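Please walk through this structure with me, from its overall make-up to a few single residues. The sequence and the model come first, and the explanation follows.

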Amino acid sequence: MSFGDPNNPYGQQPPAPQGQPGYGYPQQAPQGIPPQGGYAYPQQAPMGYPNQGYPAGPGGYPGMPMQMPGVLKTARVLLFIIAGLQLIVGAFALLGAAFLSSADSASGLGSSSSGQMAAGLIAVIALIAIGFAVWAIVLGVKFAKGGNATRITTIVYSVLFLLSSLANFTNMSGNNGSTPAGVLGGIIGLAIGVVILIAAVNKDSVAWFNRPRY
């Protein structure tokens, strides 16, 4: 029996033995192993995503802060402490102004005008202190979800707080000089104001207040 020209690759080929894979055709090699006489191409790894492996911040943006920076947490605690002290001082000042006004009116010595003026001045200072206390509480609460406007308002608050702390040193040029309690209060106030100001302009705080929100 003739099977054709043995040198002709397209000629008739003998049938494959029963139970064995056909021959005359290249067998499919296992995955990753090049077939005989062929070329193997390396399998490409699945395409990844940029910044894969880095923690994503709020909204899925990588590199954004996941939680409030520590310096802002410190400033927040200081704001609440300041607010509590200012509320106490304001409440006592209002009581003192009311007592001074009533005592001056009851004296009947003709000095009610000066007494009422002093009582009014104390009341104004007390209301300013209470207003600053409410401002500090609102800022501390907004640190969690507030935006850049909260940061700018915090800067304004810290600057005003620093200026009010400097008022404790204004009597140092006088004859009697400033009291030790006043100097100590001024130093503590300046330190607190500086901490709050630094917390508001810190780069981590800027990133926190400018983070995307959804």
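**From the whole chain to single residues**

The chain exposes about 15000 Å², of which carbon and sulfur atoms supply 66%; such accessible areas come from the Shrake-Rupley method with a 1.4 Å probe, and for residues only the protein chains shown count as cover. This is a predicted model, in which local features need pLDDT of at least 70 and side-chain atom pairs count only at pLDDT 80 or more, while totals for chains, interfaces and linings use all residues. Residues are numbered from 1 along each chain as its sequence is written, and side-chain values use heavy atoms, with hydrogens and water left out.

The chain holds five helices and zero strands, and along the sequence it reads α-α-α-α-α; helices (H or I, at least four residues) and strands (E, at least two) are DSSP runs numbered from the N terminus. Of its 214 residues, 22% count as buried, where buried means under 20% relative accessible area, exposed over 50%, and partly exposed in between (1.4 Å probe, protein chains only). Among contacts (heavy atoms within 4.5 Å) between residues at least 6 apart in sequence, 63% join residues at least 24 apart.

The largest nonpolar core has 19 residues, and those with the most contacts inside it are Leu72, Leu79, Ile82, Phe143, Tyr157, Ile192 and Ile196; a nonpolar core is a set of buried Ala, Val, Leu, Ile, Met, Phe, Trp, Tyr and Cys residues joined through side-chain atoms within 4.5 Å. Two or more residues of this core come from each of helix 1, helix 2 (112-142), helix 3 (148-166), helix 4 (180-201) and helix 5, with helix 1 giving the most, six residues. Leaving aside neighbours within four places in sequence, isoleucine 82 is in contact with Tyr157, Phe161, Ile192 and Ile196.

Threonine 154 lies in helix 3 and counts as buried because its relative accessibility is 2%. Beyond its neighbours within four places in sequence, threonine 154 touches Leu139, Phe143, Ile196 and Ala200.

On the surface, Val77, Ile81, Leu85, Ile88, Phe92 and Leu95 form a nonpolar patch with about 630 Å² of accessible area together. Valine 77 belongs to helix 1 (residues 70-107) and is partly exposed, with a relative accessible area of 47%.

Lysine 203 is found in helix 5 and counts as exposed, because its relative accessible area is 67%. Although lysine 203 and proline 69 are 134 residues apart in sequence, their C-alpha atoms are 9.9 Å apart in space.

Notes:
Patch = residues over 30% accessible without salt bridge, like charges linked within 9 Å, V, L, I, M, F, W, Y side chains within 5 Å. Salt bridge = Lys/Arg side-chain N within 4 Å of Asp/Glu carboxyl O.
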